[in-house]
Amino acid sequence: MSEHNSTNIGKEISITIDGKVCKSTFGKTILEIARENDIYIPTMCYLTKVLPIASCRMCVVEVEGVDGMILSCQEKAVDGAVITTNNDSLFKERQNIMKLYDVNHPLQCGVCDKSGECELQNKTLEFKVDSQNFMAKDQYRPVQNWGRVSYDPSLCIMCEKCVRVSNEITGNELLEVKMGGYGSTIINHNPEANEASLGESVAVCPVGALVNNHFKYSANAWELSKIPSTCAHCSVGCALYYEVKNDKIYRVGNDAEFATLCGAGRYGFDFANKVQNKDKEAFTEAIKAFEDAKSIVFSSTITNEEAYILQQIKQKTGAKLISPQAKAYQDFLQSYSQITGKSLYNGNLEDIKNSSVVVVFGTRIAQEAPVVKYHINMASKHNRARVVYMHPLEDTSIQNIVTQFIKYEVGSEEGVAALLAYTLLQDKDLTKTIKKFIDNLDIGYLSAESNVGEEELEVLAKTLQKKSGFSLVVGSDLYTHPRAKEIAKLLGLLELYTEFKVVLVPPTTNALGVASICELDSEVVSPSVGYNADADFVLSSLGDGQLDMPALNQQEGTITTLNKQVVPLNVAQPYNGYILNDIANELGVEATYTIDYTKELPTDKGFKSIEFDELANRLDELGNDIRGYMLDSQKVSVARNFDDVAELETYDGAVIYHANSPEQFNAYTNKSPLLEKDTYLVGSQAFANASKLKDGESVSFKVGKVVCERTFKVDETMKGTIAINPIFDIGVGLFELEDYRFERLSIIRNT
């Protein structure tokens, strides 16, 4: 079974498995090809999304002409191979393996949280292990508490899935195998960290060794109804299911064999607006407010259908539609599209995962979209990808995979984008106009003012040599920059003329959907109505407005993800109040149900005329995400004209950067009791000196129109004079940041 020549990768091959002829491509394992052809090979340690672990030996097969049994999970298939997956000897081998797994495994299925969905339980029955004729000396192995997660070594079968996920997927690198025969165990390098991403290790545990403490002893797996839906917290839109009993969400799950959730997605499920009755008086006031409104201000953490309703109300009443972050993203995307000629960027998560080089620019990506960071980590661990991180602040949560950190000055993003374009386009066949623009860039000035050295750019350029598969990840710092439109044009050139797959990470859950559906305005005019946003009359799914609205886990509808995929949401929690569609009906925009608008979403913006109930909502047997449908990219008129790069603004002294912690995204995640609520203003000692603040001092300052009160905390891992300020706890007063994420700090000390 040799012939592992990399030049043959992708070449068509044909093998026979259990008498069935299976066509595939060279480079795939026997197990992969079997699964493609719906042929069952049992596994215990195999996890599709990580490299083969090869610790359980359950996947053994026989190959004609080869002595002994072969591990199908790691053996590449060879053209013409004849494979047997099941016979008496293979069954006996697997039965003996299960007997070893079952040695001294505690017989406590009745109270184990994994009972009913335990792989050990299932395969013990499958391979008819009904007695045990040998044993190993039992050992004292107490349960360990790791915060949200507890680990019971006596239940652990050492499959190593949790360790691989910790290292290859989430990148927290906390877990490791400590070898010692029957005394082998999993160790946590920092059990006090209470790391939310360990929830992903719990999700892949095939037994009850790793469990979530909030769920422990609360319900049996067979009592829970699984409601498929989409995570509502960021623009990645991960597939998940809510596990519900008696109208209560007990936990969140996902198809962890293939897919991943961040800590907020897994633990931040308790954000429903628990409304029992309809407030008729408030509803009447809301109708009047809409009739009088000159502006409707709203958060883009809504469904596509709600965005469509608001657009119809605008057309009906003439009110302006204001959604600050969606508007900033819409403008950025439109400027970007004028260069590429396409309405959507060309990259996605799969591109990032498969890259050999990933450049991250203008985002603290581990906090803005953790699952994007996971895909960067996979590129690093699986492809040995080089990761170039460009930002004014280092990020310790990603530095273990960053191969080049390019620190630039706050405010200099247009200059940095120009330097990127200059570096990556020098040898490209450009139009005369673009070449002239690139050649006329004052590289010396841009380098000096941005603090990005020309030698750093040379290192970046060399990084790309003799490699293929490049991704550029762009984030929220750029969308609200004063020169955002020019930055977008410069980055558009990289998609147009290079091999880079570009991902413009939407800043909120459905910013891409809102930007695609709504004609957005910039200036709020009173009287105004706010939908999860501050205004004269507020409708709120947080329960803090004049009229209640449902949260996203209480609605049917769709959102548009970072992958440009229109995916469905389903109702996981009851809601008995009024909804936006009730108001729309009173205003003459009529539909029986909100999801009646799913098929009405604008096809000229790439949506498809498909009924909500016809949308798929699952991953298939091979892990392909077939939820909903892909938004079609539209042709856009081209206008490839550029303004000269503006003089780069300098930000001297103490600066604050508005960015949330990894577990928090907005006021909804803030409602969850299972997520940490770190609201400190965090900065280095250098920042403390520049701002004349002391560790533990209470301060206040303005963020937009909102006065923000914080306790300052020194973080010894941080450098420079920039502090991080979270905004997830401010509620509708500042639901979405509309200004540049960095600003000079003007502190009012509390007395």
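**Notebook: strands, salt bridges and a surface patch**

I began with strand 24 (residues 557–560), which is joined to strand 25 by 4 bridges, the two running antiparallel. The model is predicted: local features need pLDDT of at least 70, side-chain atom pairs count only at pLDDT 80 or more, and totals for chains, interfaces and linings use all residues. Residues are numbered from 1 along each chain as its sequence is written, and side-chain values use heavy atoms, with hydrogens and water left out.

**Entry 1**

I noted the terms. Strands (E, at least two residues) and helices (H or I, at least four) are DSSP runs, numbered from the N terminus. Two strands pair if DSSP finds at least two bridges between them.

I looked up the partner of Gly-557 and found Leu-569 in strand 25. The hairpin of strand 24 and strand 25 has 4 residues between the strands. There, Lys-564 takes a positive phi near 65 degrees.

On to strand 26 (residues 629–630). Strand 25 runs antiparallel to strand 26, with 2 bridges joining them. Gln-565 has Met-630 in strand 26 as its bridge partner.

Is strand 25 mostly covered or mostly open? Mostly covered: 5 of its 5 residues are buried. Buried means under 20% relative accessible area, exposed over 50%, and partly exposed in between (1.4 Å probe, protein chains only). In a regular strand the side chains alternate between the two faces of the sheet. I checked both faces of strand 25, and both are covered. Gln-565, Val-567 and Leu-569 are buried on one side, Val-566 and Pro-568 on the other.

**Entry 1: Val-571**

I placed Val-571 in the loop between strand 25 (565–569) and helix 20 (580–586). Val-571 counts as partly exposed because its relative accessibility is 38%. I listed its contacts (heavy atoms within 4.5 Å). Leaving aside neighbours within four places in sequence, Val-571 is in contact with Ile-227, Asn-553, Gln-554, Gln-555 and Glu-556.

I found an open sheet of 3 strands in the order 11-12-13, paired antiparallel. Strand 11 (225–230) and strand 13 (248–253) stand at the edges. Each has a single partner strand, so one side of each is left without a neighbour in the sheet. Neighbouring strands of this sheet are turned by 30 degrees against each other on average, direction ignored. For such angles, axes are lines fitted to C-alpha atoms, for helices over the stretch in contact, and angles run from 0 to 180 degrees between N-to-C directions.

I counted 5 bridges between strand 12 (residues 239–245) and strand 13. Val-244 has Ile-249 in strand 13 as its bridge partner.

**Entry 2: salt bridges**

How many salt bridges does a search of the whole structure find? It finds 29. The criterion is a side-chain nitrogen of Lys or Arg within 4 Å of a carboxyl oxygen of Asp or Glu.

I looked at Lys-28 and Glu-36, whose closest N and O atoms are 2.4 Å apart. Lys-28 is partly exposed because its relative accessible area is 28%. Glu-36 is partly exposed at 32%.

Next came Glu-173 and Lys-381, a salt bridge at 2.9 Å, N to O. This pair links distant parts of the chain, 208 residues apart. Glu-173 is in the loop between helix 4 (161–169) and strand 8 (175–178), and Lys-381 is in helix 12 (residues 370–383). Glu-173 is partly exposed at 32%, and Lys-381 at 27%.

Then I took Lys-489 and Glu-486, which meet at 3.3 Å, N to O. Being 3 residues apart in helix 18 (residues 484–497), they are separated by about one helical turn. Lys-489 and Glu-486 are both buried. I also found Lys-49, Glu-200 and Arg-266 joined into one network by salt bridges that share partners.

**Entry 3: Lys-320**

I found Lys-320 in strand 15 (residues 320–322). Lys-320 counts as partly exposed at 33% relative accessibility. Not counting residues up to four places away in sequence, Lys-320 touches Lys-294, Ser-295, Ile-296, Asp-521, Glu-523 and Val-525.
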